[in-house]
Amino acid sequence: MLCAIYKTRKKQGMYLYVPKKGHFDDVPEELMNMFGSGELVTILALDKHDKLANVDKQKLVTALTDEGYYLQMPPKEDDLLVAHRKSLGLSEISDKK
């Protein structure tokens with residue numbers, strides 16, 4: 001199974017997978033408006049890969065088969081300030097006036 005992977009310029013780390021190059025027929029219009037005109041990253045032969053970098057291969061194949069597309073969202077960014085405060089044993093930032 002082949003799939004085409006597109007990235008958006010609107011949000012770093014967001015990718016849209018479709019079963020064929022330029023095949024966006026099954027992608028909801030609202031999602032396409034949010035994603036914008038994607039830039040082709042690569043065409044991938046899924047059968048030749050046991051694992052993929054940031055996507056569960058089985059979820060991807062299922063989504064492509066059932067929905068006709070798969071949207072990969074960027075990983076959640078850690079709030080470094082909160083993590084630092086927790087490491088110091090401090091509570092969340094409070095509103096002291």
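This is a predicted model: local features need pLDDT of at least 70, side-chain atom pairs count only at pLDDT 80 or more; totals for chains, interfaces and linings use all residues.
A search of the whole structure for salt bridges, meaning a side-chain nitrogen of Lys or Arg within 4 Å of a carboxyl oxygen of Asp or Glu, finds one. It is formed by Glu39 with Arg9, and the closest N and O atoms of the two are 3.3 Å apart. The pair links distant parts of the chain, since Glu39 lies in strand β3 (residues 39–45) while Arg9 sits in the loop between β1 (2–7) and β2 (15–18), 30 residues away.

Residues are numbered from 1 along each chain as its sequence is written, and side-chain values use heavy atoms, with hydrogens and water left out.

How open are the two partners? I call a residue buried under 20% relative accessible area, exposed over 50% and partly exposed in between, with a 1.4 Å probe and protein chains only. Arg9 counts as exposed because its relative accessibility is 72%, and Glu39 counts as partly exposed because its value is 33%.

Now the chain as a whole. There are three helices and four strands, taken as DSSP runs numbered from the N terminus, with helices being H or I of at least four residues and strands being E of at least two. From the N terminus on, the elements run β-β-α-β-α-β-α. Of the 97 residues, 26% count as buried. If we take contact to mean heavy atoms within 4.5 Å, then among contacts between residues at least 6 apart in sequence, 55% join residues at least 24 apart.

Not counting residues up to four places away in sequence, Gln72 touches Gly13, Met14, Tyr15, Tyr17, Asn54 and Val55, and at 8% relative accessibility Gln72 counts as buried.

Val61, in helix α2, is partly exposed, with a relative accessible area of 23%. Leaving aside neighbours within four places in sequence, Val61 is in contact with Met1 and Leu46.

The accessible surface of the chain, from the Shrake-Rupley method with a 1.4 Å probe and, for residues, only the protein chains shown as cover, comes to about 7,500 Å², of which 49% belongs to carbon and sulfur atoms. Patches are made of residues with over 30% relative accessible area and no salt bridge, joining like charges within 9 Å and nonpolar side chains (Val, Leu, Ile, Met, Phe, Trp, Tyr) within 5 Å.

A negative patch is formed by Asp25, Asp26, Asp66 and Glu67. Here Lys and Arg count as positive and Asp and Glu as negative, without His and the chain ends, and the place of a charge is NZ of Lys, CZ of Arg, CG of Asp or CD of Glu. Asp66 lies in helix α2 (residues 57–66) and is exposed, with a relative accessible area of 57%.
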